[in-house]
Amino acid sequence: MLELNKETFEQEVLKSEGKIFVDFYGDGCVPCQALMPFVHGCAEKYGDKIKFTALNTSKARRVAIGQQVLGLPVMAIYENGTKLEELVKDDCTEQNIDAMINRHI
């Protein structure tokens, strides 16, 4: 699981080829913290098919706003710099995250 920041997001996600999963989370986001072990498990399970990354929006607010991340948690899949699909807030369940990943691998 690659930890992104405001300096690396563009290069690792927007300018990168292939499919990339981004976990947008925040320091005070309880649902984000609860989902983190599951997302890390998905990274281990599917890491050979899709690149898994995470961005702490508390430290990269402008990046988050630029990606239209207005609430947390947000799980998104990008391909070649384009956001293909995302799950927002209450839609970020383990079942929905797994289904979204499987649609794109």
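Modeller: Let me start with a helix contact: Leu-35, Phe-38, Cys-42, Lys-45 and Tyr-46 in helix 2 meet Glu-94, Ile-97, Asp-98, Ile-101 and Asn-102 in helix 4. By class, that contact of helix 2 with helix 4 has six nonpolar, one polar and three charged residues. Bear in mind that this is a predicted model.

Biologist: Fine. At what angle do helix 2 and helix 4 pack, and how far apart are their axes?

Modeller: Helix 2 (residues 30–46) and helix 4 (residues 94–104) pack at about 25°, and their axes are 11 Å apart. That angle makes helix 2 roughly parallel to helix 4.

Biologist: Is the crossing of helix 2 and helix 4 left-handed or right-handed?

Modeller: Right-handed, where helix 2 passes helix 4.

Biologist: Now the sheet. How many strands, and in what order?

Modeller: Five strands, in the order 1-3-2-4-5. The sheet is open and its pairing is mixed.

Biologist: Which strands stand at the edges?

Modeller: Strand 1 (2–4) and strand 5. Each has a single partner strand, so one side of each is left without a neighbour in the sheet. On average, neighbouring strands of this sheet are turned by 25° against each other, direction ignored.

Biologist: Where does Gln-68 lie, then?

Modeller: Gln-68 lies in the loop between helix 3 and strand 4. Gln-68 also has a positive phi, about 60°, although it is not a glycine. And the loop between helix 3 (61–66) and strand 4 is the place of Pro-73 too.

Biologist: Is the peptide bond from Leu-72 to Pro-73 cis or trans?

Modeller: Cis, with omega near -5°. Most peptide bonds are trans.

Biologist: Back to the helices. Which strands does helix 2 lie across?

Modeller: Strand 2, strand 3 and strand 4, and helix 2 runs at about 165° to strand 2. Helix 4 lies across strand 2, strand 3, strand 4 and strand 5. The angle of helix 4 to strand 5 is about 160°.

Biologist: Last topic: how many disulfides does a search of the whole structure find?

Modeller: One. That disulfide joins Cys-29 to Cys-32, with S to S at 2.2 Å.

Biologist: Why is the disulfide of Cys-29 and Cys-32 called right-handed?

Modeller: Because the torsion about the S-S bond of Cys-29 and Cys-32 is about 75°.

Notes: Residues numbered from 1 in each chain as written. Predicted model: local features only at pLDDT ≥ 70, side-chain atom pairs only at ≥ 80, totals over all residues. Heavy atoms only, no water. Axes fitted to C-alpha atoms, helices over the stretch in contact; angles between N-to-C directions. Helix = DSSP H or I, 4+ residues; strand = E, 2+ residues; numbered from the N terminus. Parallel < 35°, antiparallel > 145°, perpendicular 65-115°, else oblique. Left-handed = near helix turned anticlockwise from the far one by under 90°. Contact = heavy atoms within 4.5 Å. Nonpolar A, V, L, I, M, F, W, Y, C, P; charged D, E, K, R; others polar. Disulfide = S-S within 2.5 Å. Pairing = 2+ DSSP bridges.
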